[in-house]
Amino acid sequence: MMDLFRKLFSNKRAEKSSYINVFPSLQKNKEYIQNQLFHSSDLKWRSIRFNQLSGLIVFFESLSDQQRIQNEIIRPLEEKKEGNVDAIIASVDIAKKSDLSQLPQSLVQGNCVLLFEGTAEAYIVGMAAENKRNIVEPENEGAIRGAHDGFIEHLITNLYLVRKRIENPSLVVRYYQVGKATKTKLALLYMQNLANPDLVEEVDQRLGSIVMDTTISPGFIAEMIEDNPSSLFPQILFTERPDRAVAHLMEGRVVILSDGDATAQILPVTFFAFYQSPDDYHSRWIVGSFIRLLRLVSFIIASLVPALYIAIIGFHPEILPVNLIFTVKSSIDKVPFPPILEALLMQITLEVLREAGVRLPSRVGQTIGIVGGLVIGESVVRAGLISYPMVIVVALTAISSFVAPSNEISTATRILGFPLMILAAMFGLIGIMFGILFILIHLCKLESFGTAYFAPVMPLRIKDLKDTFTRFPIWSLNQRPHDPHPKRVNQERYSRGWVHDDPEKE
Amino acid sequence: MKRICFSSTFIFVFLLLTGCWDQDLLKDARLIYGGGFDLEPNGKILSTFVIRDVPVSEQQSPKNELIYTVGNTPREARHKADNQISRNIRTYRNRILIIGEELAKQDVHQLLDVFYRDPKSPFNARIGVAEGKAKDILSLKKVGNVLIAEEIDELINSKEKTTTVPKVTIETIFPVMMDPGEDFVLPYIMKKGKRVDVSNSAMFHKYQFTGTLNPDESTMYLLLKDEKGKMATLTKKISIEKDQKKVYNFMTFNVEKSKRRMKVLIQPDDQITVRLDLKLKVSVLEFPKDLLDDKKRVARLNQILSKEMTDLANKTLKKMQKARCDGLGIGRQLIAFHPDTWKKQKEDWGSNYQKVHFVPKIQVEIIKKGIIM
Amino acid sequence: MILKKSKITQGQLMFFVIQSQVGVGILSLPNKLQATAKGGAWISSLIAGLAVQVIILILWALCRRFPSDTIYSFLPKITGNFLGKLLGFAYIVYFLFSVSTILSFFADVVGKWVLQTTPRWALLILTLFTCAYLAKENLRVIARLFVISSFTIIVIVILSLFGYAHTNITYIFPIMEAGWGEIIKASNAALFPLVGYEVILVIYPFVEGKSIGKLKAASLGSLVIILLYTFEVFTSLIIFSPEVMPVISEPLLYMLKGFSFQIIQRIDLIFLSLWIFIISTATVSWLYMATTGLGHFFHRGEHKKAVPYAVFIVFILAMIAQDPAITDLYDRMIKIFHYTFVIGLPLILLIFSYLLRKRGA
């Protein structure tokens with residue numbers, strides 16, 4: 001592993017060492033750059049005279065801000081006619097390079113290159129255009145109360161959103177470039193005084209070991225650095241909410257932001273982090289606890305109820321009490337399929353409907369509601385293909401699974417239901433129990449970046465349970481969650497000290 | 001990767017081999033709602049099965065279907081019934097089991113064996129003894145608008161609450177039936193014209209039906225056994241002065257609280273004396289004759305009621321002793337606390353039980369009078 | 001020698017002992033004890049618990065002398081290389097045998113109560129597959145699951161509390177009906193359902209902390225189980241009359257069968273489902289003990305590699321035990337094994353190691 005790693009590094013160094021001096025001749029430089037960029041049509045040139053030398057401004061019209069080039073480079077140079085280039089150009093980011101081979105890369109990054117006849121140096125001026133969308137609330141992670149901003153595709157803005165919330169010098173940002181071809185920019189964020197150094201080192205190492213041409217979505221990165229990529233459970237929390245990312249940073253976790261994507265990746269997280277939402281902390285703690293419990297219950301419902309239904313209808317109808325059994329029986333008597341087939345059919349229909357709903361433009365989306373809800377839901381029962389209880393079960397499953405604040409876990413729970421259904425169809429309740437046991441074993445095996453995935457339940461840490469199944473009042477959460485092994489555990493002492501020093505009482 | 005391949009192949013093969021061995025689909029079941037067993041003259045068992053069919057559409061009401069079969073055992077009879085009806089007969093939601101009088105006089109334990117042996121049997125089904133034949137009662141099909149088995153089940157349920165019949169299921173009589181020191185009592189189901197009446201109780205000795213208790217007696221028995229339901233209403237004749245009109249001479253009262261103490265005493269000559277102290281706190285529901293504003297009168301009434309109740313208790317206990325039904329578990333007390341006496345008596349506990357001397361003492365106290373004086 | 005990653009805490013040791021001890025015994029113990037001890041059966045199980053505490057003390061004293069060795073590595077140190085290895089193998093056989101007895105009993109009960117027609121092999125494969133999935137992990141992961149699955153014990157206790165709706169306390173009287181002799185004899189029988197504490201022979205070196213703390217954890221875990229068993233025996237005794245008890249082999253399930261809640265009937269099914277957790281953890285614990293030995297001898301301490309064929313052996317053994325005659329044979333063998341390997345041999349080894357002043361580093 002390490003050998004491979006070292007080899008890769010040495011490769012990179014070898015690539016870099018093809019050093020070419022900037023030619024004194026403008027023409028030669030121009031030719032070189034053009035060849036390197038394969039005469040791309042959006043490469044622009046502009047001649048200029050300065051200090052009696054003919055110069056050349058090179059930039060990509062698609063990447064650089066032409067307005068700024070005009071204001072900050074061309075106009076000062078034209079006006080002053082002579083002088084020191086560094087002093088005249090009014091730009092923050094300016095550098096001198098004598099390595100010609102680096103120029104195409106800086107051009108691709110949106111920089112503007114300034115060359116002069118007879119000078120073996122090139123000025124690289126940061127003129128990247130900033131075309132970014134507005135900061136809006138992420139659509140699929142809405143919150144009722146609290147901050148309504150969300151990450152966008154622009155890395156620097158995202159960093160701004162985080163830094164603005166943590167005005168603390170301990171917040172560290174480290175840049176990485178992954179993707180040999182795409183050179184995607186990543187930023188690793190952590191709190192120096194909280195995050196466990198072993199964790200940071202581990203993440204650093206794993207990020208460094210990514211060798212791949214393209215890294216488009218954060219899913220790529222997640223899959224590269226996850227401990228158990230073949231597990232059904234997501235081990236990295238994706239979020240578009242800066243407040244969520246910040247909350248996790250302050251628990252000693254690490255956040256990875258990537259340029260060109262609005263998703264922040266939080267790690268290491270536990271299973272329960274997927275069931276927490278910033279909303280919990282904005283509502284009163286009893287309400288928050290109730291809602292959180294509800295979500296966890298809905299996880300159980302979503303993964304278990306279809307299997308339970310199959311087991312009961314197919315294996316142990318004697319579990320049902322007398323009134324219920326006749327009601328259920330009357331409605332399933334005419335169904336031609338065995339329950340497992342019935343359930344699979346409905347579950348798959350549901351998945352198809354959901355997927356179609358995501359893909360369809362919102363104007364057509366209503367059709368799906370009608371087709372799915374009315375046509376399939378109602379007619380399938382009318383036709384006697386599926387029984388009413390099964391429709392109820394499937395609907396319940398779907399609704400419960402969508403309760404999860406994270407889309408990844410909600411899909412995972414529904415898929416989790418399938419093996420359980422098959423086990424239920426084979427062994428009834430006993431099969432389900434073995435299925436649950438298997439899942440529990442799996443969850444207790446899973447570790448992500450040295451953190452047990454099912455903490456604080458496995459391994460059990462009762463103090464942390466306060467903020468897991470329920471949400472205790474914030475003043476009672478004196479310690480940070482233990483699972484990311486933060487450097488400092490205490491986060492709060494006694495913030496309600498005022499309760500006791502009330503002079504009126506005397 | 002190899003591991004994943006291995007596991008998925010494993011799972012796949014497993015799936016192919018699956019036969020859903022124990023599948024027992026609800027939709028393929030014909031559910032028995034109630035059943036009855038009678039003795040045929042030739043010694044075989046006549047079984048009556050009440051099968052409930054629920055129609056698909058909501059408008060139609062459920063229907064009962066009755067099947068009669070004869071077999072050597074209940075199980076055989078059930079198999080025969082299965083041959084006569086489509087899909088599979090399933091008993092797991094059986095609510096009520098009625099045993100015909102003649103059959104109950106044989107061995108109930110052997111009859112119920114299948115219920116105790118089968119893990120899917122309806123363990124919490126109610127059980128009762130029919131006056132005459134169970135078949136005749138179940139053949140009523142409908143009582144008013146309610147289907148027969150349901151009617152009986154609900155009737156027994158409500159009678160349990162009024163302390164008229166004992167609260168028993170197939171499960172709860174099992175340990176009692178097997179215990180030599182205790183006998184059980186079941187509801188006694190009678191056919192009254194087109195209706196069913198559940199108010200009497202059937203007494204058993206060991207595994208055999210030996211006699212019945214009338215409604216008052218069975219309430220008294222349950223009070224003596226300290227198994228009061230939600231209510232226990234009795235009507236007693238009150239005769240303070242002799243020259244009263246006969247019609248409104250009664251008082252109906254409900255036992256609000258009852259407290260029992262039972263003491264088994266052994267005399268040196270092995271005479272067993274059982275002291276039964278029962279303290280009843282009652283509320284008057286109906287007493288048209290008189291007002292209850294006078295403390296003295298209330299005290300007098302208490303006395304009269306106590307005497308009446310003690311008489312009733314004596315009558316009940318006599319009847320039970322005659323039927324050899326040790327429903328109060330005197331034998332059980334002997335086993336537990338006087339094992340030596342029990343050893344001597346256990347051989348013929350049935351007749352020894354008849355010699356037990358009961359001393360019931362019942363104190364009644366009126367605590368509520370309703371909203372008038 | 002022992003990786004930090006596989007170290008467990010003393011609390012985890014306690015749960016490990018708990019989960020190894022609760023097994024198949026809980027269902028059939030009341031029936032077995034009542035047969036000899038009658039109303040005093042619950043005293044028998046308490047006496048057996050006392051005996052278990054003494055045995056734990058012996059095992060602990062032995063392990064304490066070799067704080068960084070499992071039984072497989074300290075046996076050769078006491079008895080010499082050849083004999084030590086031989087005894088080590090004998091222990092492996094004992095452990096594998098125990099797993100298969102547990103499993104065959106499990107398959108019997110499930111076959112009786114729930115899945116009457118499901119073939120035994122299917123059930124065994126399902127169980128063993130799940131158990132092997134856990135058994136191949138390191139000790140820490142196993143311990144984590146054991147801690148969580150111990151919560152099922154609480155649920156089981158709550159479920160049995162429902163039984164108190166129809167109790168008759170006089171069923172246990174006269175307590176001394178059978179006499180002390182029989183009660184002690186019955187407590188001998190109660191020793192076997194309580195097996196599992198010998199897990200400390202194997203996991204002792206993996207536990208963090210001082211040796212006295214380990215003893216406390218192990219005996220506390222064992223105490224919990226003894227109390228649980230006594231409670232269940234007592235509950236069964238006061239629910240079923242003495243004449244019924246010999247008839248029903250799983251009193252706990254039997255009493256739950258008749259109960260019903262508003263929406264669920266047949267609570268015994270729920271109980272059985274939870275019991276699966278208990279059985280599986282016990283199986284995993286024994287499997288772990290056996291495979292640690294196999295790993296020690298054949299795979300340089302990697303017990304993971306021994307899991308597949310150990311599971312296979314167990315499967316075969318459990319398949320053979322379908323016949324009641326063979327099950328009886330297994331039972332008798334387990335008893336002999338138990339006396340020799342858990343009580344006799346450790347005592348001898350302890351004395352030897354004292355006499356020869358052998359100690360681990």
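Student: How do helix 6 and helix 13 of chain C cross, and at what angle?
Tutor: In this predicted model, the axes of helix 6 (residues 120–135) of chain C and helix 13 (residues 267–298) of chain C come within 9 Å and cross at roughly 55°. That angle makes helix 6 of chain C oblique to helix 13 of chain C.

Student: Is the crossing of those helices left-handed or right-handed?
Tutor: Helix 6 of chain C passes helix 13 of chain C in a right-handed crossing.

Student: Which residues meet there?
Tutor: From helix 6 of chain C you have Cys131(C), Leu134(C) and Ala135(C). They meet Ser280(C), Thr283(C), Val284(C), Leu287(C) and Tyr288(C) in helix 13 of chain C.

Student: And how many of those are nonpolar, polar or charged?
Tutor: Six are nonpolar, two are polar and none is charged.

Student: OK, zooming out. What does the largest nonpolar core look like?
Tutor: That core has 282 residues, and the ones with the most contacts inside it are Leu257(A), Ile152(B), Val196(B) and Trp275(C). Helix 13 of chain C turns up again here, giving the largest share of the core with 19 residues.

Student: What does Leu257(A) touch?
Tutor: Leaving out residues up to four places away in sequence, its contacts include Phe151(A), Leu155(A), Leu159(A), Val162(A) and Ala264(A). Asn158(A) and Lys185(A) are also among them.

Student: What other core lies apart from the largest one?
Tutor: There is another core, of 48 residues, and Leu234(B), Ile238(B), Met251(B) and Leu305(B) are among its members.

Student: Switching to Thr157(A): buried or exposed?
Tutor: Thr157(A) counts as buried because its relative accessibility is 8%, and the cut-off for buried is under 20%. You'll find Thr157(A) in helix 6 (residues 155–165) of chain A.

Student: Which residues does Thr157(A) touch?
Tutor: Not counting residues up to four places away in sequence, Thr157(A) touches Lys132(A), Ile135(A) and Ile152(A).

Student: Last one: what is chain B made of, in helices and strands?
Tutor: Chain B has 12 helices and 15 strands. Its C-alpha trace spans about 90 × 60 × 60 Å along the principal axes, and buried residues make up 52% of its 373 residues.

How values were computed:
Residues are numbered from 1 along each chain as its sequence is written. Chains are lettered from A and ligands numbered from 1 in the order in which they are written. This is a predicted model: local features need pLDDT of at least 70, side-chain atom pairs count only at pLDDT 80 or more; totals for chains, interfaces and linings use all residues. Side-chain values use heavy atoms; hydrogens and water are left out. Axes are lines fitted to C-alpha atoms, for helices over the stretch in contact, and angles run from 0 to 180 degrees between N-to-C directions. Helices (H or I, at least four residues) and strands (E, at least two) are DSSP runs, numbered from the N terminus. Angles under 35 degrees count as roughly parallel, over 145 as roughly antiparallel, 65 to 115 as roughly perpendicular and the rest as oblique. A crossing is left-handed if the near helix is turned anticlockwise from the far one by less than a right angle, and right-handed if clockwise. Contact means heavy atoms within 4.5 Å. Ala, Val, Leu, Ile, Met, Phe, Trp, Tyr, Cys and Pro count as nonpolar, Asp, Glu, Lys and Arg as charged, and the others, Gly among them, as polar. A nonpolar core is a set of buried Ala, Val, Leu, Ile, Met, Phe, Trp, Tyr and Cys residues joined through side-chain atoms within 4.5 Å. Buried means under 20% relative accessible area, exposed over 50%, partly exposed in between (1.4 Å probe, protein chains only).
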